[in-house]
Amino acid sequence: IIITPDEFKSVSEAAREDGRAPDEIRPLKIEAGILERADGSSYLELGGNKILVAVYGPREAQIKKLQRPDRAVIRCRYNMAPFSVEERKRPGPDRRSVEISKITAEALRPALILEKFPRSVIDVFIEVLEAEGGTRCAGITAASVALADAGMPMKDMVVACAAGKVNGKIVLDLSEEEDKRGEADMPVAILPRNKEITLLQSDGNLTQEEFEEALDLAIKGCLKINKVQKEALKRKYGE
Ligand code: ADP
C-alpha cells in the first residue's frame, strides 16, 4: 500500500495505534451473575482485558477486630492470574496489587449503604484473567456490577475509566501499549448520577488544561461504560 505524506499525516494525527478515535473506548462486554456459589458476580471484557469478580456478603465478620458496631466493612482483593500477562506473573500479592486492592475498596465504598449491616463484612474478589492496560478501572466497573448482583443496597453504581496523554494528545481508555508509550495515564472513578469522584490517580505529567480535558474525557467514558453496566443488570433482572 502506498500512501502520500499528506495521507500519512492525517492518518497518524487522527487515529491511535488500534484505530480508535481519541474519545473511543475499547470494545466492552459485561455480564452479571455468572457464578453459582458467590452471592454476586460479574464478568467483564474491555479490549484485551478479561476480569471476573465474585462478591460474598454482607456476612458477619468472623474476625472481631474487623467488626464495626455501626456499619459493614468492605474488603477488596485485586489479583492477577499468573497467565494474565506476557511473562508469567509470580502468584500472590505484590506492592501493585495491594495498592489496587486498597484504592478499589475506597472507590466503591461511597456508593454502598454500609450502615444497614453493622458488624458485617463484604468481600470483593477481582481476578484479572488477562490484562491489557486499565485493569484497575475495569475491576472497579465490574465489581460494582457484582455488588449490585449480590443485592447490596447502593446509592449508585461506581464506574471507572482512564484518560491520558499519548503523543501529545488527550485520549480515552489507554491500552497497555499506549500506557507504556504515553506521557500520562489518569484513572478516574465516579458515581455517575451526581458525578462524585471516588478515585483519581495520575501517573505522568499533565498541564492544568490537559488535566481538565482528561478529566472531562474520563467522565464521558465513565458515562458510556455505565450504560453497559445497566444493560448487563437489565439482561439479568429485567427492567
Ligand atoms: P492498570 O492495569 O490499572 O492500567 P498499571 O498501569 O499498573 O495498572 O498496569 C498497566 C498494564 O501493565 C496492566 O494492565 C497490564 O497489562 C500490564 N502489567 C501490569 N503488571 C504486570 C506484570 N507484572 N507483568 C506484565 N505486565 C503487567
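The largest pocket has a volume of about 450 Å³. The structure is a predicted model, and the space that the ligand takes up is this largest pocket. A search of the whole structure also finds 1 cavity of 30 Å³ or more. The points below treat the pocket, the ligand, the cavity and the backbone in turn.

**The largest pocket**

- The lining of the largest pocket consists of 23 residues. Those that lie nearest its centre are Arg96, Gly133, Gly134, Thr135 and Asp179.
- Helix H3, helix H4 and strand S8 (184-191) are the elements that give two or more residues to this lining.
- The largest share of the pocket lining comes from H3, with 3 residues.
- By residue class, the lining of the largest pocket comprises 11 charged, 6 polar and 6 nonpolar residues.

**The ligand and its surroundings**

- The shell around the ligand is formed by Met80, Val85, Lys89, Arg96, Ala131, Glu132, Gly133, Gly134, Thr135, Arg136, Glu176 and Asp179.
- Of the shell residues, 6 are charged, 3 are polar and 3 are nonpolar.
- Threonine 135 places a polar side-chain atom 2.5 Å from an oxygen atom of the ligand.
- In arginine 96, an N or O atom of the side chain is 2.7 Å from an oxygen atom of the ligand.
- Glycine 134 takes part through its backbone, where an N or O atom lies 2.8 Å from an oxygen atom of the ligand.
- The ligand taken alone exposes 540 Å², and the protein buries 73% of that area.
- Two elements give two or more residues to the shell around the ligand, namely helix H3 (135-149) and helix H4 (176-181).

**The largest cavity**

- The largest cavity holds about 80 Å³ of space.
- Its lining is made up of Leu28, Leu44, Leu46, Gly134, Cys137, Ala138, Thr141, Ala160, Cys161, Ala162, Asp173 and Ile225.
- The elements that give two or more residues to the cavity lining are strand S2 (40-46), H3 and strand S6 (159-166).
- The lining of the largest cavity divides into 9 nonpolar residues, 2 polar residues and 1 charged residue.
- Gly134 is listed in the lining of the largest cavity and also in the shell around the ligand.

**Backbone features**

- Most residues other than glycine have a negative phi, and most peptide bonds are trans.
- The peptide bond that runs from glycine 57 to proline 58 is cis, and its omega is near 0 degrees. Proline 58 belongs to strand S3, which spans residues 49-60.
- Arginine 119 is not a glycine, yet its phi is positive, at about 60 degrees. This arginine 119 is located in the loop between helix H2 (95-108) and strand S5 (120-130).

Conventions
Residues numbered from 1 in each chain as written. Predicted model: local features only at pLDDT ≥ 70, side-chain atom pairs only at ≥ 80, totals over all residues. Heavy atoms only, no water. Near = heavy atom within 4 Å. Polar contact = N/O pair within 3.5 Å; in protein donor to acceptor, adjacent residues only side chain to side chain. Areas by Shrake-Rupley, 256 points an atom, 1.4 Å probe, with all protein chains shown as cover. 1 Å grid on protein atoms, 1.4 Å probe; cavity = no way out; pocket = protein on both sides within 12 Å on 5 of 7 lines; lining within 4 Å. Sits in = over half its atoms within 2 Å of the grid points. Helix = DSSP H or I, 4+ residues; strand = E, 2+ residues; numbered from the N terminus. Nonpolar A, V, L, I, M, F, W, Y, C, P; charged D, E, K, R; others polar. Points joined across faces, edges and corners; volume = space filled by probe spheres on them.
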